Amino acid sequence: MIKSILAGLMISVGCVSFLSVDNKIAGTFLFSLGLYTIIILKFDLFTGKVGYLSTNRTLDYLKYLGKVWLGNLIGCTIGSAAVAATRLTISTSALVGVKYADSLPSLLILGVFCGMLMFIAVEGYKRTTNPLIVVLPVMGFILCGFEHCIADMFYFAFNFFKNGVTAAGLGDTLLRLAVITVGNLIGGCLVCFASINIQKEA
C-alpha cells in the first residue's frame, strides 16, 4: 500500500509538472518523470501492473490490483490536496470539463489506447532499460488525449479541492474513473497477451 501511495504522489508530481508549463511538448516530457521514477524505485502503479492480469489470472492478483488502485487514489488525493494548499496557480477546470462532457464509450476507448501505451512503456523498459521507451509512450498518450485513470484521479481531486464537490458530482466522477480504469485494463491486457503469443510463435 505504501508503494502504491508513493506512486500516486509521483503521478501527482508529473501532473503538476505538465500543468505548470505552457509548451505542450515540454509538459508531456516532464510528466514522464513521474512514471520513470516509479519504475526506477519500484513503486506500484495500477496502469503499470494491470496488463499482467492477462498472464496472472488469479483472484490474488486481482485483489492486489485493487489495493494498488486504492493506494494510487490515496496518493493522488494527498498530492492534490497538498498542491491546492500552495501558491501555485495551476488549474484543472478545463481539463476535467472535457472529461465530464465526454461520453462513457469515448472514455472507455481512450482508456484502452492509454492502457496499451502504458504497458509498452513499462514492459519496454524491463526489456531494454532505455528511458526513451518510458518517455515516448507517456508523451504520446497525453498529446493524443488518451485517458489515464491515475492521472485523472489527480485532476479530478484537485478540481474538487479548488472548486468544491457535490454528491452527484462525486458519483459521476467515480463512474467515469471506473470506465477509464476498465479501458486501461483492456488496453494493457491486449498488448501483454499479444506480446506473449508473438513470442511463443517466434
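Which residues do ring pairs link into a cluster? They are Phe154, Tyr155 and Phe158. Here, rings of Phe, Tyr and Trp (its six-membered ring) pair if their centres lie within 6.5 Å; planes under 30 degrees apart count as stacked, over 60 as edge-to-face and the rest as tilted.

Before going further, please note that this is a predicted model, where local features need pLDDT of at least 70, side-chain atom pairs count only at pLDDT 80 or more, and totals for chains, interfaces and linings use all residues. Residues are numbered from 1 along each chain as its sequence is written, and side-chain values use heavy atoms, leaving out hydrogens and water.

In total, the structure holds eight aromatic pairs. One of them is edge-to-face, because the rings of Tyr36 and Tyr125 have planes at 90°, with their centres 5.9 Å apart. Tyr36 lies in helix H2 (residues 24–41) and Tyr125 in helix H6 (residues 104–128), so this pair ties together parts that are 89 residues apart in sequence. Helices are DSSP runs (H or I, at least four residues), numbered from the N terminus. Tyr36 counts as partly exposed at 27% relative accessibility, whereas Tyr125, at 14%, counts as buried. Buried means under 20% relative accessible area, exposed over 50%, and partly exposed in between (1.4 Å probe, protein chains only).

Now turn to Tyr100 and Phe156: their ring centres are 5.2 Å apart and their planes are at 50°, so the pair is tilted. Because Tyr100 lies in helix H5 (residues 93–101) and Phe156 in helix H8 (residues 149–163), the pair ties together parts that are 56 residues apart in sequence. Tyr100 is partly exposed, at 24% relative accessibility, while Phe156 is buried, with a relative accessible area of 1%.

Methods
Helix = DSSP H or I, 4+ residues; strand = E, 2+ residues; numbered from the N terminus.
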